[in-house]
Amino acid sequence: MSNGPGATPAYPAILGRENLWGYRKRLRFILASIARRFPGRAPSSLTVLDVGCGNGSMIAMPLAHQGYRGTGLDVDAASVEKARELALGLPAVFLCGELASLAPHFRGDVVICSEVLEHLDDPAALLDGCEARLAAGGLLIVTVPNGYGPFEAESYLYGRLRMGRVVEPARRWLRSRRGEGTLGATENISCGHRQFFTGRQLRQMFDACGLRLVNRSGGSLFCGPFSEAALRWFPWLFSWNAGVTDYLPAFLHSSWYFALVRRSDPA
């Protein structure tokens, strides 16, 4: 499959179609936050670092497709290998390793840490590392699940009822019958959630890392395993599912998006 200039990309977010998890909304939040922080700057003049990029399909490559110079970093070798396969012809580089493996002088105008902190025993350490990799006046984008929101509630119930034994084989069979692709955000599906954040915990962590919030939003309302089984038949509801949270309190968002800057940087 070719993904060079002019080719149809293998990732869905850039195609302008929303999905159950609100990935298009998340991408729009990232692009809007960058435009607000760097008004008038051409994408090619900005360096983006995507920490925990997975296979790059949902953020790093859509941004590269928009002209941003991106570096994706992930500890999972299979995900990085897949990213390199998909990124042919795009201005994006994918590396396997920890933040410390980057060149000491490397800094990003935009650093993204999306759906990563919840998988770690020490999320504050990675957040500190992301802050240290910001260029002067840079922007840090963090997205995490609402630890007690609809997605985590559904996932907990799904696990307790052991529904995966029935649902997962049926889902694989249906996809094979329909010839559907199975490209997800990462090739590493064995790393579960270790953190279940509240808004207060996140604010305290941001403050301890010297970060100031400049913008926030929320992801979809329904996007857990039960919602996926029910709503996948009604893709016309996906945009509503992502947009309705703009009018709902934050505790009903399945995920949260944050745009942050150093507290010492000008607004």
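**Figure 1. Overall view of the predicted model.** Of the 267 residues of the protein, 48% count as buried, a residue being buried when its relative accessible area is under 20%. The chain contains nine helices and seven strands. The protein exposes about 13300 Å², and carbon and sulfur atoms supply 58% of this area. Among contacts with a separation of 6 or more, 79% are made by residues 24 or more positions apart.

**Figure 2. The open sheet of seven strands.** The strands are arranged in the order β3-β2-β1-β4-β5-β7-β6, and their pairing is mixed. β3 (92-96) and β6 (211-218) stand at the edges; each has a single partner strand, so one side of each is left without a neighbour in the sheet. On average, neighbouring strands of this sheet are turned by 20° against each other, direction ignored. In general, the strands of a sheet pair through backbone hydrogen bonds, in either a parallel or an antiparallel manner.

**Figure 3. Pairing of strands β2 and β3.** Strand β2, which comprises residues 69-74, pairs with β3 in the parallel sense. Five bridges connect β2 and β3. One of the residues shown is D74, whose bridge partner in β3 is C96.

**Figure 4. Helix α4 across the sheet strands.** Helix α4 consists of residues 123-132. This helix lies across β1 (47-51), β4 (108-114), β5 (134-145), β6 and β7 (255-262). Relative to β5, helix α4 runs at about 150°.

Definitions and conventions. Residues are numbered from 1 along each chain as its sequence is written. This is a predicted model: local features need pLDDT of at least 70, side-chain atom pairs count only at pLDDT 80 or more; totals for chains, interfaces and linings use all residues. Side-chain values use heavy atoms; hydrogens and water are left out. Helices (H or I, at least four residues) and strands (E, at least two) are DSSP runs, numbered from the N terminus. Buried means under 20% relative accessible area, exposed over 50%, partly exposed in between (1.4 Å probe, protein chains only). Contact means heavy atoms within 4.5 Å. Accessible areas come from the Shrake-Rupley method with a 1.4 Å probe; for residues, only the protein chains shown count as cover. Two strands pair if DSSP finds at least two bridges between them. Axes are lines fitted to C-alpha atoms, for helices over the stretch in contact, and angles run from 0 to 180 degrees between N-to-C directions.
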